[in-house]
Amino acid sequence: MTATAADTPMIRMTGVDKFFGPLHVLKDIHLEVPRGQVVVVLGPSGSGKSTLCRTINRLEPVDSGVIEVDGQPLPAEGKALARLRADVGMVFQQFNLFAHKTIAENVMLAPVKVRKANKAEARRRALELLERVGIANQAEKYPAQLSGGQQQRAAIARALAMRPKVMLFDEPTSALDPEMVQEVLDVMTTLAADGMTMLVVTHEMGFARRAADRVVFMSEGEIVEDTAPGEFFDAPRSERAKDFLGKILTH
Ligand SMILES: Nc1ncnc2c1ncn2[C@@H]1O[C@H](COP(=O)(O)OP(=O)(O)OP(=O)(O)O)[C@@H](O)[C@H]1O
Ligand SMILES: [Mg+2]
């Protein structure tokens, strides 16, 4: 069997620990995301959700344990690491678009620079991706001329331009005005329906219920529950999850 057999999980974390100085932020994490699955990560502030995401494309190195993407352990550095980063798309709360480049240029940038893609071809593909996220008509504008929701959709298109195997989202809608949240969630839902493997940190419980195959609940650096969304919301097992759900559903 090859390392990329269909049953190899797209993401596999085994016994992962991470410290920030004395602070034990990830505690013996075991997590598998099969290809095509959407896993939503929930948990209180400071529980380690962003850190978990960031270890998967090695923005944060881990202290022990193994992380594999598509059957390959994360490379520590060099070309192999650059390749891994291309395979793992990431979308943050802050869109981080280049202000002095147009939306199309933002989306073309990495394929041209990192993948040495032909410019015309990269541009054609950028426009295709902008079409896919519903902002083809914004291609020649600059980021500041777009709404937050449009900018975040551009950031998703930019991540997709590298043809990632998996997409990580860290609170992609938290910085948006409420009326723009849905348009970004809709793009994510379409991506999921098209079969993208996704790990999504979000406070959007409706999205978690509808789009997730699994919910992973974190508390104080641990995965406390890893279960189907219906089960998690309707019958959480741990006191910590009950407490968390009680707070978010009543505020
Ligand atoms: N670079 C860092 N250096 C030191 N401590 C850090 C660093 N990044 C995060 N932490 C700490 O690690 C813990 C986990 O942080 P993390 O950002 O992963 O939490 P989170 O679950 O994403 O929280 P939030 O919901 O507020 O985004 C927190 O206690 C945080 O203060
Ligand atoms: Mg966070």
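Predicted model: local features only at pLDDT ≥ 70, side-chain atom pairs only at ≥ 80, totals over all residues.

User: How many salt bridges does the model contain?

Analyst: Side chains of opposite charge can pair when their charged atoms come close. The criterion is a side-chain nitrogen of Lys or Arg within 4 Å of a carboxyl oxygen of Asp or Glu. By this rule the count is 19 salt bridges.

User: How many residues apart in sequence are the parts that the pair of Asp70 and Arg35 ties together?

Analyst: The side chains of Asp70 and Arg35 form a salt bridge, with N to O at 2.6 Å. Asp70 belongs to the loop between β4 (64-69) and β5 (72-73), and Arg35 to the loop between β2 (23-33) and β3 (38-42), so the pair links parts of the chain whose separation in sequence is 35 residues.

User: Is Asp70 buried or exposed, and what is its relative accessible area?

Analyst: Residues under 20% relative accessible area count as buried. The salt-bridge partner Arg35 is partly exposed, at 32%. Asp70 falls in the buried class, with a relative accessible area of 5%.

User: In the salt bridge of Arg54 with Glu60, how far apart are the closest N and O atoms?

Analyst: Arg54 is partly exposed, with a relative accessible area of 27%. Glu60 counts as buried at 15% relative accessibility. The closest N and O atoms of this salt bridge are separated by 3.6 Å.

User: What is the N to O distance in the salt bridge of Arg237 and Glu231?

Analyst: Arg237 is exposed, with a relative accessible area of 56%, whereas Glu231 is partly exposed at 42%. Their side chains meet in a salt bridge with an N to O distance of 3.7 Å.

User: Which residues are joined into one network by salt bridges that share partners?

Analyst: The salt bridge between Asp70 and Arg35 involves two members of this network. Through shared partners, the network consists of Arg35, Asp70, Asp87 and Lys165.

User: Asp17 is buried yet has no salt bridge; which side chain of opposite charge is nearest?

Analyst: Asp17 lies in strand β1 (residues 11-20). A salt bridge requires the charged atoms to be within 4 Å, but the nearest side chain of opposite charge is 8.5 Å away. That side chain belongs to Lys27.

User: With which side chain does the side chain of Asp17 make a polar contact?

Analyst: Beyond its neighbours within four places in sequence, Asp17 has contacts that include Leu26, Val62 and Ser64. Its side chain also reaches the backbone nitrogen of Asp28 at 3.1 Å. The side-chain polar contact, at 2.7 Å, is with His24.

User: How many residues of strand β7 are buried?

Analyst: Val166, Leu168 and Asp170 point one way from β7, while Met167 and Phe169 point the other way, and all are buried. The strand spans residues 166-170 and is largely enclosed by the rest of the structure, because its buried residues number five of the five.

User: Which residue in β8 is the bridge partner of Asp170?

Analyst: Strand β6 (residues 88-91) runs parallel to β7 and is joined to it by four bridges, with Met90 opposite Leu168. Five bridges join β7 to strand β8 (residues 197-201), again in parallel. Within β8, Asp170 has as its bridge partner Val201.

How values were computed:
Residues numbered from 1 in each chain as written. Chains lettered and ligands numbered in written order. Heavy atoms only, no water. Helix = DSSP H or I, 4+ residues; strand = E, 2+ residues; numbered from the N terminus. Buried < 20%, exposed > 50% of the residue type's maximum accessible area, 1.4 Å probe, protein only. Lys, Arg positive; Asp, Glu negative; His and termini not counted. Polar contact = N/O pair within 3.5 Å; in protein donor to acceptor, adjacent residues only side chain to side chain. Contact = heavy atoms within 4.5 Å. Pairing = 2+ DSSP bridges.
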